[in-house]
Amino acid sequence: MGEETSLRKRKEDERSLQSNKPQTTDLQKEVGLFSGICIIVGTIIGSGIFISPKSVLSNTGTVGPCLIIWAACGVLATLGALCFAELGTMITKSGGEYPYLMEAFGPIPAYLFSWTSMMVMKPSSFAIICLSFSEYVCAAFYPGCQPPKVTIKCLAAAAILLITTVNALSVRLGSYVQNVFTVAKMVIVVIIIISGLVLLAQGNTKNFENAFAGTPPSVGGISLALYNGLWAYDGWNQLNYITEELRNPYRNLPLAIIIGIPLVTLCYILMNVSYFTVMTPTELLQSPAVAVTFGDRVLYPASWVVPLFVAFSTIGAANGTCFTAGRIIYVAGREGHMLKVLSYVSVRRLTPAPAIIFYGLIATIYIIPGDINTLVNYFSFATWLFYGMTIIGLVVMRFTKKNQERPIKVPIFIPILVILLSVFLVLAPIISKPTWEYLYCVLFILSGLIFYFLFVYSKFGWAQKISKPVTMYLQMLMEVVPPEKDLE
């Protein structure tokens, strides 16, 4: 009897110990439909539509073609996102383009994508968004003069630190922060739209009369307007970066896309309509910050809400970028394409903490130079290069993986149209304004092959000897372990 009691007690103790341990060291499914929509909307709508929506107008010249371009870009972004919805429900792995390129073409294109994204595209974008946030906040404390650059950069670095910490601590907390800031930015969007519609109803339609009059835009002008408009929609594929953390991805991924991107399109069109109710095309082109000018003319004395909510919008976009981009590094590390420790998951938090912290460090480095906008502009065409390659992969897998289950299957003309669009967007800036920097960008992308053959393909012993103690030290310091898929 005593032995049975002792045995029962031992089993209860073991069960108690097991219950205190996490169920798994994989990432948890913490993102629902509403959070998914907030990630899409919150990442696409940054500061651009509030500050400088004039890039489209400057290339079209008149109001009518400008509004048509905004609508066309929304439709094209939706088509691209639907292609990614097929890929995301067929290959339910996080990391966006990375796992799709891996499945379609093998490790080298996938590695080059992770290399370019990790070193330039994602962290530099994160840094620029945080710098925009910092400039808006600092401007409130330096009225009538330019804030010191050191102050702007320190505040931007603090924003990166805060966002990185939030996302490394908890998936749920990062998702909650994203939801709050997305709701905040939608408040100012709704205020601008309603104000504009009221003015429109009161008869402020002068700028819409003869909206197509004047010199018609050239083919080159339309192409550049389309290019700039589509960049305002960039972020339509963000949910594919966190597929493994999405609840019921077969339902929520396509549904979030179908709701989120048309919602952004409607907001963009109506906000432009609102701007034109109080500003002529010339005034809009001359305004340094269009939403602020709109607020000064329409919302005074409450015009201060505009810069405040634009700051909320930028910090929300930065949080969405960090939330999703860290997963590329995590998945690439899991596949052995980056340092193995970057694929480790926090034991306590169940987040890819090492990948997120690494991403934050790289972004902080990009704040140091005086101007990184030029660098990002030249690398921007690389994004559509990888988009195009990914959609080509979708078409290729229609033949190479015929029997693979596809919960969503888009008509074949949609990926073909997106591929043609991608080719156009890759070549358009090079043809319109060819510079050596585009060649340097291509050479940088291809330079990733050197690291691939040194560290991934050949796996030289000296490289392993260096990385192993680093991995062990970071594992103890940060309390992280390999994802469960590596342990099985």
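**Figure 1. Helices H6 and H7 are roughly antiparallel to each other.** Angles over 145 degrees count as roughly antiparallel, under 35 as roughly parallel, 65 to 115 as roughly perpendicular and the rest as oblique. The structure is a predicted model, in which local features need pLDDT of at least 70 and side-chain atom pairs count only at pLDDT 80 or more, while totals for chains, interfaces and linings use all residues. Residues are numbered from 1 along each chain as its sequence is written, and side-chain values use heavy atoms, with hydrogens and water left out. H6 spans residues 97-105, and its axis comes within 7 Å of that of H7, the two crossing at roughly 160°. Axes are lines fitted to C-alpha atoms, for helices over the stretch in contact, with angles from 0 to 180 degrees between N-to-C directions. The crossing of H6 and H7 is right-handed (near helix turned clockwise from the far one by less than a right angle; left-handed if anticlockwise). On the H6 side the contact is made by Glu97, Tyr98, Leu101, Met102 and Phe105, and on the H7 side by Pro107, Pro109, Ala110, Tyr111, Phe113 and Ser114 (contact means heavy atoms within 4.5 Å). Nine nonpolar residues, one polar and one charged make up this contact of H6 with H7. Here Ala, Val, Leu, Ile, Met, Phe, Trp, Tyr, Cys and Pro count as nonpolar, Asp, Glu, Lys and Arg as charged, and the others, Gly among them, as polar.

**Figure 2. Helix H7 also packs against helix H18.** H7 covers residues 107-141 and H18 covers residues 436-457; their axes lie 9 Å apart, at an angle of about 115°. H7 is therefore roughly perpendicular to H18. The crossing of H7 and H18 is right-handed. H7 contributes Pro107, Ile108, Tyr111, Leu112, Trp115, Thr116, Met119 and Val120 to the contact, and H18 contributes Phe444, Ile445, Ser447, Gly448, Leu449, Phe451, Tyr452, Phe453 and Val456. By class, 14 of the residues in the contact of H7 with H18 are nonpolar and three are polar, with no charged residues.

**Figure 3. Helix H2 is mostly covered.** H2 has twelve residues, 33-44, and reaches 17 Å from its first C-alpha to its last, close to the expected 16 Å; the expected span is 1.5 Å times one less than the number of residues. Ten of the twelve residues of H2 are buried (under 20% relative accessible area; exposed is over 50% and partly exposed in between, with a 1.4 Å probe and protein chains only). The buried residues are Ser35, Gly36, Ile37, Cys38, Ile39, Ile40, Val41, Gly42, Thr43 and Ile44. Helices H9 (171-201), H10 (219-232), H11 and H14 (305-334) are among the elements that cover them. In the protein chain as a whole, 53% of the 488 residues count as buried. Its secondary structure comes to 20 helices and two strands, which are DSSP runs numbered from the N terminus (H or I, at least four residues, for helices; E, at least two, for strands).

**Figure 4. Thr265 and Leu284 are shown as two buried residues.** Thr265 lies in helix H11, residues 249-278, and has a relative accessibility of 11%. Apart from neighbours within four places in sequence, Thr265 is in contact with Trp70, Ala71, Gly74 and Tyr233. Leu284 lies in helix H12, residues 281-286, and has a relative accessible area of 1%. Beyond neighbours within four places in sequence, Leu284 is in contact with Lys54, Leu57, Tyr275, Phe276, Met279 and Val290. The C-alpha atoms of Leu284 and Phe294, ten residues apart along the chain, are separated by 9.5 Å. Across the protein chain, 83% of the contacts with a separation of 6 or more are between residues 24 or more positions apart.

**Figure 5. Backbone details are shown at Asn210, Asn248 and Pro301.** Most residues other than glycine have a negative phi, and most peptide bonds are trans. Asn210, although not a glycine, has a positive phi of about 55°. Asn210 is found in the loop between H9 and H10 and is exposed, with a relative accessible area of 67%. Asn248, likewise not a glycine, has a positive phi of about 45°. The loop between H10 and H11 holds Asn248, which is partly exposed at a relative accessible area of 42%. Tyr300 and Pro301 are joined by a cis peptide bond with omega of about 10°. Pro301 sits in the loop between helix H13 (290-298) and H14.
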